[in-house]
Amino acid sequence: MSTFSLDEDQRQIKESMESFAADELRPISRDCDEEFRVPPEFLEKTWGLGLTANIIPEEYGGYGFNRSCLNNVIMAEALAYGDLSLSRGNGAESFRVAHSGNGNRCSEEEISSNFLR
Amino acid sequence: MAIMEHSISYDPFNSQTKAVLNKDHYVINGEKCLVPLADTAEYILVIASTDKGTGAFIVEKNAAGMSLVEKEKNMGLNALPLYRVAFKDCKVPAENCLGGEKGIDYTRLLCLSRIGLSATMVGVAQAVLDYSIKYTKERIAFGQPIATRQSIAFMLADAAIEIEGIRSLTWKAAWTADQGEAMKDDLLRISYLTKTYAAEQVFKIADYGVSMLGGHGLIREHNIELWFRNARAFSMLEGLIMA
C-alpha cells in the first residue's frame, strides 16, 4: 500500500455510495428499524444500482467489476453511514461472498449457470 | 448466508451444523441463527462442517428438511429481518457444495467477512461523530455551545482519532486481502485484529454519542440511540470476540 489516497474509480464509488446512503438509506432508517423490515422497493433499487451484483460476470446478470476488497470496504463504509441494517440488507451476502474477493470460486461456471441465470 | 449458531461456545471454525456426503447428495443437520432475509431468499448459503473441514452449501428455499424457526427480535439490526433456520435431514445435491469436492477457502471467506463488518463499523462510528459534532455545536448550555466544554471536546477528539485508527486498519486488512496468496498468512491475523478493535471502538464512540447528547441520546427523535443499539451488535456477529 504505497498510498492512502483514493484513485479516480474509488472516489467515484465513494461519492456515489455516500449520495445513495444520504438519499435512500438515512431517510427510511428510523421507520425500517421500528417496523422491523427492509422495504422490497429499496432492495429493488439496490439491485438496480448493482450493489449486490457488481462482481458477478455480465453473462450472469452482473456487472463484471474487478474483485477488490478495498473497493468494497469503501462502499460498505459509505452505506453503513446511512444505515447499518439496510446496508447489510442490500448486500448481506455480498459482504461475505461476492465482496469476498478472489479465491472463493463462487462464480465458477457450473455454479453460476445453475444459480445465477 | 447462514453461519451463526445459538451456542454459548460458538466457534465459526467448528460449526455444529453438519453436512454428511451420501452418494450424490449431502444431508445437513443443525440450526442457524441471525440468517438475514431468510423469509424471502430464494437460496440460502449454509455453512456446515464436513469430514474435510467447513463447507458452504446452496440450499433452495423450499428444500425438504429446512424450516424457519422464528423471526428474531434483537436489540439492534432491527431493519434487517433475521431468522433462526433449522435443518433436519435436509438433502442437497452434491453439486450445490461451493467449490466442488475441493470446497471453498472458508478461512478466507470468514476473514473477508470480518473486514466487511469492520468497514460498516467505521461507517456507523463516523455517523455518530458527525451527528455529535453538529449537535454539540448547536446545543447551548450556560451561554456557550457544549462543544466548547472540555469534557465534550475530549470525547469528540477521542472519537475522531479512533475512527481514523479503525479506518486505517480496515483499509490495511482489505489491502492485505487483495494481495491474495502473497499475503495469505497475514490475513487471518489482521482481519481478526481489525474486527476486534473496530467492534470495541464503535461501541465506545456510540456510547460517547449518547453521553454527549444527554437525554436526547436516549430518545427516538435522534438517531444516536439507534446507532448505539446497532453498534452493540457488532461484537456478537460471526464469533464472539470481546462481547
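Chain A contains 5 helices and 0 strands, where helices (H or I, at least four residues) and strands (E, at least two) are DSSP runs numbered from the N terminus. The model is a predicted one, in which local features need pLDDT of at least 70 and side-chain atom pairs count only at pLDDT 80 or more, while totals for chains, interfaces and linings use all residues. Residues are numbered from 1 along each chain as its sequence is written, chains are lettered from A and ligands numbered from 1 in the order in which they are written, and side-chain values use heavy atoms, with hydrogens and water left out.

**Chain A overall**

- Read from the N terminus, the elements of chain A follow the order α-α-α-α-α.
- Of its 117 residues, 52% count as buried; buried means under 20% relative accessible area, exposed means over 50%, and partly exposed lies in between (1.4 Å probe, protein chains only).
- Among the contacts in chain A with a separation of 6 or more, 60% come from residues 24 or more positions apart, a contact being heavy atoms within 4.5 Å.

**Helices α1 and α2 of chain A**

- Helix α1 (residues 8-35) and helix α2 (residues 40-49) of chain A have axes that come within 12 Å and cross at roughly 165°. Axes are lines fitted to C-alpha atoms, for helices over the stretch in contact, and angles run from 0 to 180 degrees between N-to-C directions.
- The two helices, α1(A) and α2(A), are therefore roughly antiparallel to each other. Angles over 145 degrees count as roughly antiparallel, under 35 as roughly parallel, 65 to 115 as roughly perpendicular and the rest as oblique.
- The crossing of α1(A) past α2(A) is left-handed, meaning that the near helix is turned anticlockwise from the far one by less than a right angle.
- On the α1(A) side, Phe20(A), Glu24(A), Leu25(A) and Ile28(A) meet Phe42(A), Lys45(A), Thr46(A) and Leu49(A) of α2(A).
- Sorted by class, this contact of α1(A) with α2(A) has 5 nonpolar, 1 polar and 2 charged residues. Ala, Val, Leu, Ile, Met, Phe, Trp, Tyr, Cys and Pro count as nonpolar, Asp, Glu, Lys and Arg as charged, and the others, Gly among them, as polar.

**Two serines of helix α1 in chain A**

- Ser29(A) lies in helix α1 of chain A and counts as buried, at 0% relative accessibility.
- Leaving aside residues up to four places away in sequence, Ser29(A) touches Gly82(A), Asp83(A), Leu86(A) and Leu226(B).
- Ser19(A) is also placed in helix α1 of chain A, but Ser19(A) is partly exposed, with a relative accessible area of 38%.
- A distance of 9.1 Å separates the C-alpha atoms of Ser19(A) and Leu79(A), which are 60 residues apart along the chain.

**Chain B**

- The domain assignment of chain B gives domain 1 (18-102) and domain 2 (106-231), with bounds that come from an automatic or database domain assignment.
- Taken over C-alpha atoms, the centres of these two domains of chain B are separated by 32 Å.
- Helix α1 (residues 106-138) and helix α2 (residues 150-178) of chain B have axes that come within 9 Å and cross at roughly 155°.
- Accordingly, α1(B) and α2(B) are roughly antiparallel to each other, and their crossing is left-handed.
- By class, the contact of α1(B) with α2(B) has 16 nonpolar, 5 polar and 2 charged residues.
- In helix α4 (residues 224-233) of chain B, 8 of the 10 residues are buried, so the helix is largely enclosed by the rest of the structure.
- The buried residues of α4(B) include Leu226(B), Trp227(B) and Arg229(B).
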